[in-house]
Amino acid sequence: MAERAKYFAKRLVGADKDPDVAVVSTAEYLKEHRFNPVQAAIQYVKSLFPILGWIGKYNFGWLSGDLIAGITVGVILIPQSMSYAKLASLAPEYGLYSSFVGVFIYCFFATSKDVSIGPVAVMSLEVAQLISRVNKAHPNKWSGPLIATTVSFICGFIVLGIGLLRIGWLVEFISAPAVAGFMTGSAITIAMSQVPGLLGIANRLNTRDPAYKVIINTLKNLPYSTRDAAFGMFGLFTLYAIAITCKVLAKRYPNRARTFFFISTARNAFVIIILTLGAYLYCHPRKDAKGNYPIAILKTVPRGFQHVGSPKIDSELIKALGPELPVATIIMLLEHIAIGKSFGRINGYKINPNQELIAIGVTNLVGTLFNAYPATGSFSRTAVKAKSGVRTPIAGIFTGAMVVLALYALTDAFFWIPTAGLSAIIIAAVGDLIASPRVVYNFWKVNPLECIIWWAAVFVTVFSSIENGIYTSICASAALLIVRVARPNGHFLGRVVIHSGDDKTPREVFVPFCQNTTASGNTINPHLKIENPAPGVIIYRPEESVLYPNSSLLTGSLVDYIKTHTRRGKDMSGTSLADRPWNDPLPRNGKYVLTEEERAKPILKAIVLDFTAVSNIDTTAVQALIDTRDEIERWTDHEVTFHFCHILSPWIRRGLVAGGFGIPSDERARARIPVEIAPIVGPLNRTDDARGFIFRDVRGQNQQDEEAGRDTIQPVASAASSASDFEGSLVNTLTPYFHFDISSAVKAAERDAAAAGTPVQRTKSISKSALEKDEDGSF
């Protein structure tokens, strides 16, 4: 009963007409990728906590490196976090809350020892803009900290979900130049937004405007600069002076480079201490009757964790934030993954992007319990952490301890920190995010189109907003990828005979005909003498996988080339006008005489398709190849053999076999193709599915042929037969038009062309494939 049902099912779908060729099956694929669900679940849970893999090996050597790195980062993080909180339109303590949660929680889920999580400039600016937009649409309905905490909760939840579902690879669709362009534009925007605060004129203009407007308005209001400018400009000058001096001295005295590095790293803390002391000495005796001071200072910073508790998530607030959340989420994960991968390559380890997203998600979700605002990886602090000799993610715990110490012991001193000094710290910090001219030039050298994407991202971010900048980066990257897939190039190849070494042994290679004769950067000599293959043979190599977006372009190029470089197989001079197709380019009067140029063209006999660059093929592409074969054979008026080489994917082979390719139309064509033999590991395992392969014992014992009816084929003996007692065919003999390399494919095609003196009409079994067409020509 089951066999009859199977029989009728095959007839229903047309499987009974499939060629008797062994191809990869879905069952085999599932068998190869099967797994134990219980074991997989256990491994999945273990992978959520990478700390379990190395914490047992922790030692005092690692401890010393982590302690130094943790304290060093803490010295930078404390003033930076308060500065970024001000950038986010929040009180400075919220930056400290985010800092503590970020560095403390991350170490339990991290796969990078270098990344430092906490408040960052770009995310802080985005939070500030979100607060501004929500308050503009819903005045005085929600406080700034509540909005920021809600953003942290929702974005953290989304990023955590992406990591748990293991779809972090989606980030890979945004190219490095696009990310660099967005970060550069954001850094310029942030720096420009802090200049008014640096000069004490922030209340005279809207620092949330696009960067170019902020620059114009700042220049207009320069005459109104206040005494804050003295503190801000001194702090900015000192920060850069220390950094440049330490860099120069490190080059001059390499043996003391580490000392100068730590001095440069401590410059933020040093400048804040000096500015705080100066502000105290200047402001303390100059307090007016209203309690105001002559310069802007932080004033009261609450001691300890004042807002610990369950987050208050308002559904109406989530709806108000809805349109803005995608950008905030992208910024959160994009910057972190880019930083983690970069420092992983530099320091010789590989991060797990999905696990890093889990770490970010958990960090921001836990942060909502402390009323923290969104945190992600920081480039500047990560660079310092790596250079400080960090050994493991445990360094984050020591950094967190520094933040707790500051919250409970230094808040009184924070009262006198001038806000202009915090603006100076932000400007100095975001400078590291601006791509250097050398980096941009390298983008241009590698790919000018990607350099254009970089410039587009920078200009849109500076002249519009960071939201439009990130959307521009994503859309430009996706558009370039689509264009590369949908509009690939293909090359028609010719033969070049080369030799190398003292013995001058000749060797054939196949190179594209079209070479740029004016360029000096060609991969091969543009003046080579390239010979055509045998008359009637064409070699074509696509540069991309053959898929539905590009199949028409690639096959159309092939047909156009054939009609240009070969002549029609049928004499059309006696065909009446009524019998010709409407689109036939021949003269309307029916008188057509072949010119000498046309007579010199060969009639096409065989095509070689080099699939070296083809990693995948789909149904649309197979249909396009079938249609191309039919159109070519109408042009030649006889069968044209299609030879394929470098088909290394069994699924490409399966698709081509389903389209009727690879299988000769008769045994005469099959016999013309010699079987290439190679040494194998023997003896043959009889449980293997070896149908279509030839095996033999070169010792003369038990010569085997796994395929019945193959007596007419004479195998070509391997030159390395002494390497093994057993030999076998290199490729499956049931599909002799599928060749391992281009040399064997071209030789077989030329042999077909030479034997095609008497055209052989295609049989019905070849024109109809397993992807059998209906009467209307579709599948």
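Which exposed residues are carried by the face of H9 turned away from its buried side? That face carries Leu219 and Lys220, where exposed means over 50% relative accessible area, buried under 20% and partly exposed in between, with a 1.4 Å probe and protein chains only.

**Basis of the views.** The model is predicted, so that local features need pLDDT of at least 70 and side-chain atom pairs count only at pLDDT 80 or more, whereas totals for chains, interfaces and linings use all residues. Residues are numbered from 1 along each chain as its sequence is written, and side-chain values use heavy atoms, with hydrogens and water left out.

**View 1. The protein as a whole.** The secondary structure comes to 29 helices and 13 strands, taken as DSSP runs numbered from the N terminus (helices H or I, at least four residues; strands E, at least two). Of the 779 residues in the protein, 47% are buried. Among contacts (heavy atoms within 4.5 Å) with a separation of 6 or more, 80% are accounted for by residues 24 or more positions apart.

**View 2. The buried face of helix H9.** In H9, residues 211-220, the buried residues are Ala211, Val214 and Thr218. Because these buried residues fall within an arc of 55 degrees when seen down the axis of H9, they line one face of the helix; the arc is that of the directions from the helix axis to the C-beta atoms. What covers them includes helix H8 (176-199) and helix H21 (448-463).

**View 3. Helix H8 against helix H9.** The axes of H8 and H9, as lines fitted to C-alpha atoms over the stretch in contact, with angles from 0 to 180 degrees between N-to-C directions, come within 8 Å and cross at roughly 25 degrees. The two helices are therefore roughly parallel to each other, a term for angles under 35 degrees, with over 145 counted as roughly antiparallel, 65 to 115 as roughly perpendicular and the rest as oblique. The contact is made by Thr189, Met192, Ser193, Val195, Pro196 and Leu199 of H8 and by Ala211, Val214, Ile215 and Thr218 of H9. These residues divide into 7 nonpolar, 3 polar and no charged, where Ala, Val, Leu, Ile, Met, Phe, Trp, Tyr, Cys and Pro count as nonpolar, Asp, Glu, Lys and Arg as charged, and the others, Gly among them, as polar.

**View 4. Helix H14 against helix H22.** The axes of H14 (residues 325-347) and H22 (residues 466-486) come within 10 Å and cross at roughly 65 degrees, which makes H14 roughly perpendicular to H22. Pro326, Val327, Ile330, Ile331 and Leu334 in H14 meet Ile466, Glu467, Ile470, Tyr471 and Ile474 in H22.
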